[in-house]
Amino acid sequence: MKYDFTTIMERAGHDALAVDTIPMEGVEVKKGFTRIPMWVADMNFPTLPTILEAMEDRLKHHHFGYFDMPDVYYDSIINWQKDRFGVTGMTREDIGYENGVLGCVSSALQAFTAPGEAVLMHAPAYIGFTKTVESIGRKLVLSELVRSNGGAWRMDLEDMERKLRDNHIHCVIFCSPHNPTGRVWDKEELEQAMVLFQKYDCVVISDEIWADLTLPGHTHIPLQSVSEDARERTIAIYAPSKTFNLAGLIGSYHVIYAPYLRDRIAKYASASHYNSCNVLSMHALIGAYKEEGREWVDELRTVLGENADYAYKFITKHFEGVTLAKPEGTYMLFLDCEAWCKKHEQSLDDLLRAGVEVGVIWQDGRPFYGKYSIRVNLALPKVLVEEAMERLAKYVFI
């Protein structure tokens, strides 16, 4: 490969939450075990060199005053969306900067719902969205995704319609690809969902931050592309942060074609007087969305696919009582450990603790509405994924 996905970076003490923090209070890694960061959704690979070059070039100019977003920023997004997802007709006016996906979600909810009004989401659900809904005083209504015969996660359209109707819902948070399950929706599923959202006149807030990170054999379809109605009722949110591991730089963007939606979002986003870009974040995006970025992402998807295939096969073979859907996108696994816990008379806390003690720093899935679930990050050099699986087989799932 042209790019480096094998170096084990030393991130400890270098502003890295993933390695400096254990997300389980009072639990420590036992002596003799190294930490393998497999929880929060960031990657343990060196980032794309052209990102660093773009930022370094900007640092040569010793001024950091007020600035406008240049044409190259918008052109980079337009060309990326066209090349990666086949999007046509996007203009500068359709793109808006956001400090983060959650900030845009919050602005959209405030713009299009009233306090106490219900909002629909799928479950399992990303904790950031559920907390955002609740923190601004909206009612969270969950429609459970279902798995038939242990297969892929799917939407329950009947349940969705019943909850839209019975709760008088007119705003939906949609996640595509889906976090935390890793499902990449196909066009027919997206079309069916949008028929429902049109029927009940819903504004759709579509989180597409994982769009670039579909695994080999799967392709992201922008929700706005499935119909003219979808294009006009959807607020789509993207970012280079997941794709290139830039979360610490802050910076996302929305794509909104309907002027009515766009104007309302702009009004609420401006209310804090804090939704503005950092100049280095802007140049990082420009550096990411170059031709080299396209090559880097293609190699990354291959690496993540190999890690996912390995982990899926290892878990289904060696961890009796643990089930999961084979991931199609993202770099996260969502394990269901209910049968294992009940058979071994262990709580999920017991299981989580056992993994952390041998250095596998994984994440409690209960805040994501998985009663016996654990979330596992596979964005590491494969040798670390292999080491983690071997430790879990030897010391935990025994």
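**Strand 9 and beyond**

Guide: Strand 9 is covered on both of its faces: T234, A236 and Y238 are buried on one side, and I235 and I237 are buried on the other. The model is a predicted one, in which local features need pLDDT of at least 70 and side-chain atom pairs count only at pLDDT 80 or more, while totals for chains, interfaces and linings use all residues. Residues are numbered from 1 along each chain as its sequence is written, and side-chain values use heavy atoms, with hydrogens and water left out.

In a regular strand, side chains alternate between the two faces of the sheet. Buried stands for a relative accessible area under 20%, exposed for over 50%, and partly exposed for values in between (1.4 Å probe, protein chains only). Helices (H or I, at least four residues) and strands (E, at least two) are DSSP runs numbered from the N terminus.

The partner is strand 8 (residues 203–207), which runs parallel to strand 9 and is joined to it by 4 bridges. Two strands count as paired if DSSP finds at least two bridges between them. Within this pair, I205 stands opposite I235 of strand 9.

The loop between strand 8 and helix 8 (228–233) holds P216. P216 counts as partly exposed because its relative accessibility is 47%. P216 touches R301, T302 and G305, leaving out residues up to four places away in sequence; contact means heavy atoms within 4.5 Å. P216 and T302 are 86 residues apart along the chain, yet their C-alpha atoms are separated by 6.5 Å.

A nonpolar core is a set of buried Ala, Val, Leu, Ile, Met, Phe, Trp, Tyr and Cys residues joined through side-chain atoms within 4.5 Å. The largest one has 117 residues, of which Y73, F244, L351 and W362 touch the most other members. Helix 12 (residues 291–318) gives the most to this core, namely 10 residues. Y73 is in contact with Y97, S252, Y253, M282, L285 and I286, neighbours within four places in sequence aside. A second, separate core of 26 residues includes I169, L190, A325 and F368.

Strand 13 is joined to strand 14 (residues 373–377) by 2 bridges, and D364 has I374 of strand 14 as its bridge partner.

Helix 4 (residues 101–112) is mostly covered, with 9 of 12 residues buried, among them C104.

With a disulfide taken as a pair of cysteine sulfur atoms within 2.5 Å, the count is 0. C175 is in none, the nearest cysteine sulfur being that of C104, 14 Å away. C175 is buried, at a relative accessible area of 6%. C277 is likewise in no disulfide, and its nearest cysteine sulfur, that of C104, is 14 Å away.
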